[in-house]
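Please keep the view at hand while reading.

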Amino acid sequence: MSVNEKRRLLRAAAVGLGALGAGELLAAARGGSVIDGIGRLLADTVPVWVVETMVARSGRYDKEVTRGGVAVNIVAASAGLALLPERLRTPAVTALGAGAGAVALRGANPSVPGALGGVAAAAVLRAGLRRPPTGLGGGLLWAAGGAGMLAAAETLIRRADEQYAARVRRLGPMGSHAPMAEDGLGIEPGLSPLITKAGRFYVADVNSRPPRIDPKQWRLRISGKVAHPLRLSLADLAEQAVEFDAVMVCVHNTPGQHRAGNARWFGVPLTALFDHAMPDAAATRLVTRAVDGYTISLPMEKLRTGELPGYLVIGMNGEPLPPEHGFPARVFVPGMYGQYTGAKWISELELADDSHIDYWWKRGWTNETLWVTPQSRIDVASSGHGSPGKTTVAGVAWAPPQGVSAVDLRVDGTDWVPTELGAESAPAAWRRWRTVVDLPPGTHTIQARVTGRSGEVQDGADRPCFPSGPSGFHTVTITI
């Protein structure tokens, strides 16, 4: 490639950045996003191995990585368009704009601002490629303008999200939020608290940002194979809600990761909703449907009898569900992985038969319910000042819904020894543990293992998350 061609590509990329910035700023000013719409399309369509690789590599920053990747690819595509002859470039850019608009309008929750932004970005791109900037200064001006507009758009979106979250919090308390009883372990620096604050609780879903839902207009529909279809408001649900403590675990939570959190939830038992709606005998699946059409379904047999407790959750730690955690409502069945326990931003509970196909089933995940396996995590492994002698090791463990009966520790592959367990707040909640071991100078490997009250012992074989959930012991190395 000649020097002139490289310069041409760089100028076209600068034009693409400017066009994207203009379209994103227009969409953001009206409450939408071009980048987020394309990001959701990619989440819905790329092969599952790509999703798994991205989640594993990006960790808790998967959403930021997705948005950045979309922006980079749009800029790269703009540069590629510059190589096309004029007779092909114009229809290609037009198709790009139409495609961006269609992406924003797809699904059950279309975004008109996102569609307008996509069309506007294509129009700016077309004009910029027709009369590209000249010289280094012209290209830098386009790039700087695009970057500035993207930054302004991100500021608008974040501000709108913060204002929406504040309005949600002003709805008032959800539950009594009675103080958590002490578990007897006291304060141990670095050890996870009994209750995870909402701001520290992991977030996992296919959306780049949570949808903004008007609580005054929102109603939960209960439909399908029921004798009495229902439409319930938040106030209706709050009258029947109860508090419960439970750990929620992401199916991508490999040993030692923090894609798990323990909260005090406020929700309506599903059995109470079934008592009002009266499901037919033919209803074998409970389809939980989000406002954007995303679905997760649950087997009805044990939910119907209450043998498997499930809840329509509307509160978390004494407040309404934060938007990123599913406001105004989500379904939660303690003991199921988050990906299988129910959708966030619920609009409908549909009683259906086995013909329903879930979102993740289409993507290659099993249609069998995935249960959380017993797992322990080491939060603390410290001798205080790095000197030989007493070393404190502490962490959390869970085995929902039956609960934790024991946590054992081993050092350098020797025998397992028991640890001290904190008091249990609820069987479905996580349980803290702690012990002190004598370690001589040198490097040591420490592992933790939990046994559930059901008798199931944590599986030590390393297994990836896909397709049936992770396993293995959390292992840390400490040097004295």
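Which side chain meets Arg 377 in a salt bridge? The partner is Asp 379, at 2.9 Å from N to O; a salt bridge here is a side-chain nitrogen of Lys or Arg within 4 Å of a carboxyl oxygen of Asp or Glu. Arg 377 is buried, with a relative accessible area of 2%, where buried means under 20%, exposed over 50% and partly exposed in between (1.4 Å probe, protein chains only).

This is a predicted model, in which local features need pLDDT of at least 70 and side-chain atom pairs count only at pLDDT 80 or more, while totals for chains, interfaces and linings use all residues. Residues are numbered from 1 along each chain as its sequence is written, and side-chain values use heavy atoms, leaving out hydrogens and water.

The structure holds 21 salt bridges. In one of them, Arg 212 pairs with Asp 161, with the closest N and O atoms 2.9 Å apart. Arg 212 lies in the loop between α7 (135–169) and β1 (220–224) and Asp 161 in helix α7, so the pair ties together parts 51 residues apart in sequence; helices (H or I, at least four residues) and strands (E, at least two) are DSSP runs, numbered from the N terminus. Arg 212 is partly exposed at 35%, whereas Asp 161 is buried at 19%. Salt bridges with shared partners also join Asp 36, Glu 154, Arg 158 and Arg 209 into one network.
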